[in-house]
Amino acid sequence: MPVSPLNRRAFLQKSAVTGAAVAAAGAVGTGSAEAADAGHRPQKAPRTWSFSILGTTDLHSHVFDWDYYTDATYKDSKGNSVGVARVATLIKQQRAAKGEDRVLLVDAGDIIQGTSLAYYYARVDPITGSDGHKGPKHPMAIAMNAMRYDAAALGNHEFNYGIETLRKFEKQCHFPLLGANALDAKTLRPAFPPYAVKRVRVPGAPDIKVGILGLTNPGIALWDKDNVAGKMAFTGLVEQAKKYVPRLRALGCDVVFLTDHSGLDGSSSYGNELPYVENASNLVAEQVPGIDAILVGHTHTEVSSYTVTNTETGKAVVLSEPYCYGMRLTVFDFELELVHGQWKVTSTKAQTLNSNTVEEDAEITELLKADHDLVVKYVNTPVGTCTADLSAAEACWKDVPVMDFIHQVQMATVATGLSAADAALPLISVAAPFSRTADIPQGDVTIRDVAGLYIYDNTLYGKKLTGAQLKDYLEYAAKYYHQVPSGTKVDPATLTNANNFWDYMYDTAAGVSYDIDIAQAEGSRIKNLTYNGTAVTPDQVFVVAVNNYRANGGSGYPHIASADIAYSSTNEIRQLMIDYVTSKGTLDPADFAAANWKLTQDGTAVF
């Protein structure tokens, strides 16, 4: 029986507190501070001035320092803390030290997806409303409004729950969501505001005009194809920056600041599937003149300060990426000089601050505690029992039963929706080990136990591959392993993630049997590929159960994006897994566990 959504608590004071925190649009340093300046103007206009832009990115709906999957305080090996509640404390410290009128606050995207809290307000008690009832306000909108954000770029994960959910979130925000390269598919005009212009007040002198240009990731066209195809188009960052940076300068902006949901190493995880680079922030800085600094997101990396020289002007452009989840806050410090009545940037510096050095902000805690408590209660809802402990700790180098659970659900679901002709074809499954810390315990199983294993909001496809294409697919996956010659001891700690191929990119397969010979060079590792004990032939056709991210080209796997579709569904795989446990009552690995792949060295099993 499905788990019912919990009733959301009504907090009347929430709207009052949030409303009081709304920043005045368009300017920093308005209201009473400006009135005080008007009666106290200095006789001589200042010749220099300074201000700061604070930056966050990839918050992924982390509001508190909490891990919903472990039901405990967030913990990692580096002692990081997460959540906007801690970042809010750092922001207040910066405003107190520098002056409210000298600080802007910007985000680089991926706000409304990534935790159980994000899922709850997208699917369980959706902000869009359900059954004729008005939806709640998104906790991230509440928090970011209270923190007085000035702008945020769209992240690719903003589109995971569909455009309707994103538009509702946009309406709930008191700041613009920017995306100069997120275009309406029909008009090819920006579907969201491309930029915002803010003013920093300088007593006795002209305002400093700050243009903030937002750019999102072109990979959305692949990763969320099901949600955006025919509705939106996504072009390159360099191309759109070349269009809008001159426009901001023409509007009289003294400072041009970019917030990019795009990394800074020039790489793309999707190969040649798209004509635009995924991680292009460094290319934007290098190729587009007129930019002072770039807040970088998307790659979940800490880059405190990185300088790129623009090839046309020779000017240094400062970039910074503040990690993810609210672990860091970037501080861009700008120094300016008034020259012939116009402000000129003389210095730009960036640094990151660690949120584990402060406590959570009391105001944000009060605003969001009820929402958080609801989600904690929801994820601890029991859905069944398990006969054995199912751990993913070794899933990256061993065929373990907990991965077979994912495969079983995917294959069973696809099988129910195939045509008669496709149902006659062999059915297999591919899936990635998303979390090495996932563990479904023996005994009671809760929503969070299952959600911790499948942390993404992927939906399910069935696509057709030939035997030859399947082998290519598995060879591509096998580049995940470093080559380890025969006779050399294999250390799991150094075996994986070759070629910057991360765990979420590495697919294992079920329904076929095969060996991965890590002693061999890339492209020649898949051995003994069989189906039901018989060697797979190149022209044999399979239906492959696969998530939508991979099916649409995510991570650059060969053949799958262009393969014929045998099945598709908008149901999320994670919810299908929860439903499986709920319907069965008991999760028993005897029903699905099958060791069908292994690592070898010149034919000898490694583990």
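Buried denotes a relative accessible area under 20%, exposed one over 50%, and partly exposed anything in between, with a 1.4 Å probe and protein chains only. The legends below describe a predicted model, in which local features need pLDDT of at least 70 and side-chain atom pairs count only at pLDDT 80 or more, while totals for chains, interfaces and linings use all residues. Residues are numbered from 1 along each chain as its sequence is written, and side-chain values use heavy atoms, with hydrogens and water left out.

**View 1. Thr459 in strand β23.**
Thr459 belongs to strand β23 (residues 459-466); helices (H or I, at least four residues) and strands (E, at least two) are DSSP runs numbered from the N terminus. Thr459 counts as buried because its relative accessibility is 12%. Contact means heavy atoms within 4.5 Å. Apart from neighbours within four places in sequence, the residues in contact with Thr459 are Asp226, Val546, Asn547, Asn548, Ser569, Thr570, Asn571, Glu572 and Ile573.

**View 2**
Five strands, in the order β24-β20-β28-β23-β29, make up an open sheet of mixed pairing; two strands pair if DSSP finds at least two bridges between them. At the edges are β24 (508-510) and β29 (565-572), each of which pairs on one side only. Direction ignored, neighbouring strands of this sheet are turned by 25° against each other on average. Strand β20 (residues 427-431) runs antiparallel to β24 and is joined to β24 by three bridges, and Ala431 has Thr508 in β24 as its bridge partner. Helix α15 lies across β20, β23, β24 and β28 (541-547), at about 120° to β23. Axes are lines fitted to C-alpha atoms, for helices over the stretch in contact, and angles run from 0 to 180 degrees between N-to-C directions.

Two bridges link strand β31 (residues 597-601) with β32 in the antiparallel sense; Thr600 is partnered by Ala605 of β32.

**View 2. The crossing of helices α4 and α11.**
The axes of α4 (residues 116-124) and α11 (residues 362-379) come within 10 Å and cross at roughly 90°. The two helices are therefore roughly perpendicular, a term for angles of 65 to 115 degrees; angles under 35 count as roughly parallel, over 145 as roughly antiparallel and the rest as oblique. From α4, Ser116, Leu117, Tyr119, Tyr120, Tyr121 and Val124 meet Asp371, His372, Leu374, Val375, Tyr378 and Val379 of α11. By class, this contact has nine nonpolar, two polar and one charged residues. Ala, Val, Leu, Ile, Met, Phe, Trp, Tyr, Cys and Pro count as nonpolar, Asp, Glu, Lys and Arg as charged, and the others, Gly among them, as polar.

**View 3. The nonpolar cores.**
A nonpolar core is a set of buried Ala, Val, Leu, Ile, Met, Phe, Trp, Tyr and Cys residues joined through side-chain atoms within 4.5 Å. The largest has 98 residues, and Met147, Ile364 and Phe405 have the most contacts inside it. Helix α11 gives the most to this core, with eight residues. Not counting residues up to four places away in sequence, Ile364 touches Phe64, Val84, Ala85, Ala88, Ala143, Ala146 and Met147. A second, separate core of 37 residues includes Tyr461, Val484, Leu495 and Phe542.

**View 4. The hairpin of β16 and β17.**
Strands β16 (residues 328-339) and β17 (residues 342-354) run antiparallel and are joined by 12 bridges. Within this pairing, Val331 has Gln351 of β17 as its bridge partner. Two residues separate the strands of the hairpin, and His340 in the turn has a positive phi of about 50°.

Ala191 is found in the loop between β8 (182-184) and β9 (195-200). Its contacts, not counting residues up to four places away in sequence, are Arg167, Ala182, Leu183, Asp184 and Met232. In β9, Ala196, Lys198 and Val200 form the covered face, whereas Tyr195, Val197 and Arg199 form the uncovered one. Six bridges pair β9 with strand β10 (residues 208-215) in the antiparallel sense, and Arg199 has Lys209 in β10 as its bridge partner.
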